[in-house]
Amino acid sequence: MVDSMAIEDKVRSVFNDIKEISLRSGRGPEDVKLLAVSKTHPVEALLPAVDTGLLWGLGENRVQEGESKIDVWPEGHPVNWHLIGHLQRNKARKALSLFSMIHSLDSFKLGETLDRLVQEMGLAPYPVLIEVNTSGEEAKHGVAPEDGLPTLMQLIESCPGLDIQGLMTVGPLSDDRSDTARAFESLRLLRDGMSKETGLPLKELSMGMSGDFDLAIEQGSTVVRIGSSIFGVRESR
Ligand SMILES: *Cc1c(COP(=O)(O)O)cnc(C)c1O
């Protein structure tokens with residue numbers, strides 16, 4: 001059983017926290033968007049969250065799981081779906097048809113594949129974020145920080161079908177919050193440098209999850225990706 005009221009309340013509460021932290025950090029009240037991360041949770045749990053009207057969208061980290069929900073999504077609850085997990089190239093076409101933004105562009109090769117498909121499918125330039133591995137952890141996807149600028153320059157040169165709107169990162173596993181704050185700061189500084197070098201605004205910084213979105217907002221996040229604080233803890237992943 002899904003407790004719709006509880007989920008609505010959680011969305012409102014997270015939304016208010018985001019506003020409060022934004023104001024406290026000298027950001028505007030509308031500067032930070034809320035993406036609810038719906039992986040492992042069923043459609044019935046997502047509907048009340050969407051119906052609050054407070055979400056920027058829903059984030060899934062697997063194409064197949066997203067597809068299974070989008071296929072049965074009822075009419076009358078409009079929402080944008082975002083892909084936030086690693087994308088295999090053989091699922092790129094499906095991803096483009098399901099999602100309105102991909103936060104996890106983690107290689108030039110994937111960019112080339114997406115670009116070719118965008119042209120083939122006749123789509124408008126497709127919104128993507130470049131994922132950066134700011135913590136250097138082996139298990140994490142994303143380009144190394146030092147590869148950020150070269151990758152961006154290659155993408156600008158070869159992939160007119162991509163609309164590169166900014167950067168994304170996942171904070172370190174560390175319990176030390178100053179490590180986390182530093183990782184988020186490093187993403188913002190990297191963005192500032194990449195923007196200056198290329199002239200692209202790169203205005204979106206997708207960073208911050210349930211446990212660290214306060215630090216991310218303080219460091220300039222424009223999109224926080226919140227799962228467990230809205231839908232409860234997951235069994236795994
Ligand atoms: C699961 C996930 C989140 C949300 O994590 P919570 O800690 O549940 O808020 C955010 N970003 C990515 C990439 C994820 O995989």
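Leu-202 sits in the loop that runs between α7 (177-198) and β7 (204-206), where helices (H or I, at least four residues) and strands (E, at least two) are DSSP runs numbered from the N terminus. Its phi is positive, at about 45 degrees, even though Leu-202 is not a glycine. With 1% relative accessibility, Leu-202 counts as buried; buried means under 20% relative accessible area, exposed over 50%, and partly exposed in between (1.4 Å probe, protein chains only). All of this comes from a predicted model, in which local features need pLDDT of at least 70 and side-chain atom pairs count only at pLDDT 80 or more, while totals for chains, interfaces and linings use all residues. Residues are numbered from 1 along each chain as its sequence is written, and side-chain values use heavy atoms, with hydrogens and water left out.

Thr-40 also has a positive phi, about 75 degrees here, and is not a glycine either. Thr-40 belongs to the loop between β1 and α2, and its 36% relative accessibility makes it partly exposed. That loop, between β1 (33-37) and α2 (43-51), holds Lys-39 as well. Lys-39 is buried, at a relative accessible area of 12%. An unreviewed UniProt entry annotates Lys-39 as "modified residue: N6-(pyridoxal phosphate)lysine"; UniProt positions are given in the numbering used here, feature names are shortened, and annotations may be inferred rather than shown by experiment.

Lys-39 turns up again around the ligand, along with Val-37, Asn-61, Ile-84, Met-209, Ser-210, Arg-225, Ile-226, Gly-227, Ser-228 and Arg-234 (near means that one of a residue's heavy atoms lies within 4 Å). On the polar side (N or O pairs within 3.5 Å), a side-chain atom of Ser-210 comes to 2.5 Å from a ligand oxygen. For Ser-228, a backbone N or O atom lies 2.8 Å from an oxygen of the ligand, and for Asn-61 a polar side-chain atom is 3.4 Å from a ligand oxygen. The protein covers 89% of the 390 Å² of accessible area that the ligand has on its own, going by the Shrake-Rupley method with a 1.4 Å probe.

Ile-70 is partly exposed, with a relative accessible area of 22%. Between Ile-70 and Phe-99 there are 9.5 Å in space, C-alpha to C-alpha, for a separation of 29 residues in sequence.

Terms used. Polar contact = N/O pair within 3.5 Å; in protein donor to acceptor, adjacent residues only side chain to side chain.
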